[in-house]
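This note is meant for a colleague who is meeting the structure for the first time. The points below go from the overall fold to individual residues.

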Amino acid sequence: MSRYKDTPLIFELATCHEGSRYIRPLDVPKPDFAEWFGDAYREGKPNIPDVDEVSVVRHFTNLSAKNYHVEVGTYPLGSCTMKYNPKVNEDMAALTGFAATHPMQPDETVQGNLEMLYHLEKLLNDVTGMTAHTFQPAAGAHGEFAGILLIKAYHEDRGDMKRDTIIVPDAAHGTNPATAAMAGYKVREVKSNEYGTVDLESLEAALGDDVAGLMLTNPNTLGLYDGNIEKITSMIHECGGLCYYDGANMNAIMMHARPGDMGFDCVHWNVHKTLSTPHGGGGPGAGPVGCNKLLEPYLPRPIVAKKDDMYYLDYDRPKSFGMIRSFVGTFGVLVRTYAYMLTNGAEGLYEVSEGAVANSTYLRERLKDYYHIPYDTPSMHEFVMTSEWQKKESGCNTLDIVKRLIDYGFHPPTVYFPLVVSEAIMIEPTETETWRDLDALADAFIKIAEEAKEDPELLKGAPRYTPIARPDETAAARDPILAG
Ligand SMILES: Cc1ncc(COP(=O)(O)O)c(C=O)c1O
């Protein structure tokens with residue numbers, strides 16, 4: 001409980017607010033800063049709190065201890081994949097040659113960095129079945145946007161201007177239709193069938209010569225692998241569209257199946273989900289986008305290229321749709337990605353996906369007699385259950401159940417998503433959880449199912465041991481009070 005104790009603001013700990021008293025007076029002539037910096041030069045001292053070292057350390061340690069993170073315990077957020085990030089990745093990213101270089105250095109002074117990116121691209125190509133990657137996008141959704149711009153550039157380059165629609169399944173993550181709309185497309189939704197995968201009749205009805213492409217994740221956001229995937233991608237190709245693979249669920253299939261072999265033309269990675277980089281470690285994150293030969297000419301510039309044993313940034317790409325971010329993207333995150341891929345190797349990545357599916361399936365099996373599972377179809381790295389039984393019996397809904405989970409020391413899973421399932425509880429344990437952790441999570445869920453029968457008020461008043469219990473989550477997201 002102590003980690004929830006009140007922490008004052010660092011400004012309240014300060015003895016004065018005029019910068020550090022440890023900075024000595026100048027003993028060299030003062031340069032004419034005003035001349036150098038003009039209006040941007042400030043005469044007064046900065047308003048920063050002056051706090052002794054031990055108080056600063058305690059302050060930030062106490063703040064960090066209030067947070068729930070994957071190094072505290074299981075964090076089973078379906079679709080958002082919170083796996084443990086091995087520390088060796090951090091060690092590699094901190095190597096001076098990587099950490100202390102600048103993107104504007106001449107190529108010949110950063111040959112090692114460019115070589116690393118060059119090799120990373122080959123690894124990502126191998127795992128996805130694509131022929132090239134851009135590293136520019138800063139996150140998965142940004143990668144989606146880049147991928148759809150590739151598809152757009154392809155159609156425009158061919159003068160095929162009538163294609164103004166992207167097909168998206170109803171189980172899709174919200175970023176898919178949002179991406180399509182941001183790229184200027186209309187969105188046409190296709191329905192899921194009784195197995196939770198794409199309904200082929202609904203897809204057939206959505207096809208036409210106005211279709212620019214399809215956005216799909218497989219396994220989908222219900223954790224279900226679509227066995228019709230090759231049929232689906234060829235239906236899109238036959239009507240002249242291209243297929244975009246949302247790679248958020250790559251953790252389920254690495255080295256087992258490749259989007260390229262399923263018929264996809266481009267794909268994004270959420271490296272923070274699959275390849276164990278922290279969410280935005282060292283700045284925004286990375287969402288590399290891979291594509292096949294058809295789309296390669298349109299990739300954002302620059303790309304990392306090699307000529308006569310020299311690596312360089314190639315800006316000379318006349319058909320590129322432009323830049324979507326500066327230089328090659330978030331370099332430090334890409335070092336961590338590379339470190340993870342090399343430490344695992346091909347076999348290790350195969351086992352990562354196997355472990356992710358095994359852990360999720362184990363939890364589903366342990367919970368299936370206590371919670372309603374809406375689809376019989378075997379699930380992969382994540383699964384969806386619901387509070388339907390509890391709601392009928394005692395009026396406890398999904399929110400009550402997962403809020404009670406906090407009292408047992410776990411972060412709640414993703415809830416009320418995907419939208420095709422009412423009262424959804426979406427669980428993704430990942431391969432990094434031990435059997436002990438999985439059992440502890442399953443035991444807590446089972447106990448909560450019993451509590452829902454015996455003492456529903458316990459759930460309705462949960463969580464009981466946190467500073468706040470049930471904030472208005474929309475207001476908290478839209479209008480956060482960050483100042484204390
Ligand atoms: C299926 C799916 N697609 C796309 C995204 C967007 O990825 P990011 O959060 O990296 O922008 C997510 C994020 O959770 C997702 O689950």
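**Notes on the predicted model**

1. Buried residues make up 41% of the 484 residues in the protein chain, where a residue is buried if 20 or more other C-beta atoms lie within 10 Å of its own, exposed if 12 or fewer, and partly exposed in between, with the C-beta atoms placed from the backbone. The model is a predicted one, in which local features need pLDDT of at least 70 and side-chain atom pairs count only at pLDDT 80 or more, while totals for chains, interfaces and linings use all residues. Residues are numbered from 1 along each chain as its sequence is written.

2. Along its principal axes the C-alpha trace spans about 80 × 65 × 40 Å. Of the contacts with a separation of 6 or more, 72% are between residues 24 or more positions apart, a contact being two residues whose C-beta atoms, placed from the backbone, lie within 7 Å.

3. The secondary structure comes to 18 helices and 12 strands, which are DSSP runs numbered from the N terminus, with helices (H or I) of at least four residues and strands (E) of at least two.

4. The ligand is surrounded by 13 residues, the closest being Ser79, Gly140, Ala141, His173 and Ala248; a residue is counted here if its C-beta atom, placed from the backbone, lies within 6 Å of the molecule. By class, this shell has 4 nonpolar, 8 polar and 1 charged residues, where Ala, Val, Leu, Ile, Met, Phe, Trp, Tyr, Cys and Pro count as nonpolar, Asp, Glu, Lys and Arg as charged, and the others, Gly among them, as polar.

5. In helix H8 (residues 175-182) the buried residues are Asn176, Thr179 and Ala180. They cover an arc of only 95 degrees around the axis, which puts them on the same side of H8; the arc is that of the directions from the helix axis to the C-beta atoms. Their packing partners are helix H7 (140-157) and the strands E2 (165-169), E3 (186-190) and E4 (211-216).

6. Strand E4 is mostly covered, with 6 of its 6 residues buried. E4 runs parallel to E2, joined by 3 bridges, and also pairs in the parallel sense with strand E5 (residues 242-245) over 4 bridges; two strands pair if DSSP finds at least two bridges between them.

7. A separate point concerns an open sheet of 3 strands in the order E10-E12-E11, with antiparallel pairing. Strand E10 (383-386) and strand E11 (414-415) stand at the edges with a single partner strand each, so one side of each is left without a neighbour in the sheet.

8. Some backbone details deserve a check by eye. Most residues other than glycine have a negative phi, and most peptide bonds are trans. The peptide bond from asparagine 218 to proline 219 is cis, with omega near 0 degrees, and proline 219 lies in the loop between E4 and helix H10 (229-238). Aspartate 309, although not a glycine, has a positive phi of about 65 degrees, and with 6 C-beta neighbours inside 10 Å it counts as exposed.
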